[in-house]
Amino acid sequence: DLLVVHGDRFDALALATSAALMNVRIVHLEGGEVSGTIDDCIRHAITKLAHYHICCTERARRRLLAMCEHPERVLLAGCPSYDKLLRADTSPDRLSRLCTRYLLDPNQYVIVIQHPVTTDLTNSLKLFEIVVDAIIESGHSTLFLYPNIDA
């Protein structure tokens with residue numbers, strides 16, 4: 001059996017903990033990254049539970065090695081999220097359909113996603129207000145996307 005865990009979410013930590021207690025091998029994707037938030041603690045906890053690590057950057061690989069992970073179990077493979085973004089359909093026809101669906105002006109629109117700092121609600125709300133004010137001032141059509149569930 002093998003569990004593949006991606007990232008730094010609390011639900012991923014629960015899965016990794018359960019798998020570790022059941023002696024299931026764990027592969028952790030995107031370990032070694034640093035965001036400066038509580039997510040780092042969760043990500044690093046998953047790293048310590050994992051048996052194999054697939055990281056995105058050389059800096060992340062070095063961090064994993066500094067955490068005493070076995071070099072032969074750390075693979076630098078790039079970022080699957082970024083790879084998916086690069087493969088996204090950005091054809092004019094696809095963009096036109098999206099603008100029609102979400103009532104966006106195809107010549108002037110903004111897509112916004114803001115993932116607040118989970119442990120700093122006060123400043124996150126202030127930053128969100130600044131973003132909203134700037135968007136209103138710009139006059140552009142705007143599509144707001146929800147952040148992660150842990151936001």
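Is Asp40 buried or exposed? Asp40 is buried, with a relative accessible area of 10%. Buried here is under 20% relative accessible area, exposed is over 50%, and partly exposed lies in between (1.4 Å probe, protein chains only).

**Before you select anything**

This is a predicted model, in which local features need pLDDT of at least 70, side-chain atom pairs count only at pLDDT 80 or more, and totals for chains, interfaces and linings use all residues. Residues are numbered from 1 along each chain as its sequence is written, and side-chain values use heavy atoms, with hydrogens and water left out.

Colour by pLDDT, the predictor's confidence in each residue, from 0 to 100. The protein's mean is 90, and 97% of its residues reach 70 or more. Among the elements, strand E2 (residues 25–29) has the highest mean pLDDT, 97. Helix H4 (residues 80–86) has the lowest, 83. Helices (H or I, at least four residues) and strands (E, at least two) are DSSP runs, numbered from the N terminus. Where pLDDT is low, the predicted coordinates should not be read in detail.

**Stop 1**

A salt bridge is a side-chain nitrogen of Lys or Arg within 4 Å of a carboxyl oxygen of Asp or Glu. Asp40 and Arg43 both lie in helix H2, 3 residues apart, about one turn of the helix.

Arg43 is buried, at 4% relative accessible area. Asp8 also counts as buried, at 14%. Shared partners join Asp8, Asp40 and Arg43 into one network.

Next, select Arg9 and Asp11. Their side chains form a salt bridge at 3.8 Å, N to O. Asp11 counts as partly exposed, at 37% relative accessibility. The count of salt bridges comes to 7.

**Stop 2: the nonpolar core**

Select Leu3, Val5, Ala12, Ala16, Ala19, Val24, Ile26, Ile42, Ile46 and Ala50. These 10 residues make up the largest nonpolar core. Such a core is a set of buried Ala, Val, Leu, Ile, Met, Phe, Trp, Tyr and Cys residues joined through side-chain atoms within 4.5 Å. Strand E1 (2–6), helix H1 (10–21) and helix H2 (38–49) each supply at least two of its residues. H1 gives the most, with 3 residues.

Centre the view on Ala16. Leaving out residues up to four places away in sequence, Ala16 touches Leu3, Val5, Ile26, Ile46 and Leu49. Contact means heavy atoms within 4.5 Å.

**Stop 3: Thr47**

Go back to helix H2 and pick Thr47. Thr47 counts as buried, at 0% relative accessibility. Beyond its neighbours within four places in sequence, Thr47 is in contact with His28, Gly31, Gly32, His53, Leu64, Met67 and Glu69.

**Stop 4: the cysteines**

How many disulfides are there? The count comes to 0. A disulfide is a pair of cysteine sulfur atoms within 2.5 Å.

Select Cys79. Its sulfur is 3.9 Å from the closest cysteine sulfur, in Cys56, too far for a bond. Cys79 counts as partly exposed, at 22% relative accessibility.

Finish on Cys55. Its closest cysteine sulfur is also in Cys56, 7.1 Å away and too far for a bond. Cys55 is buried, with a relative accessible area of 0%.
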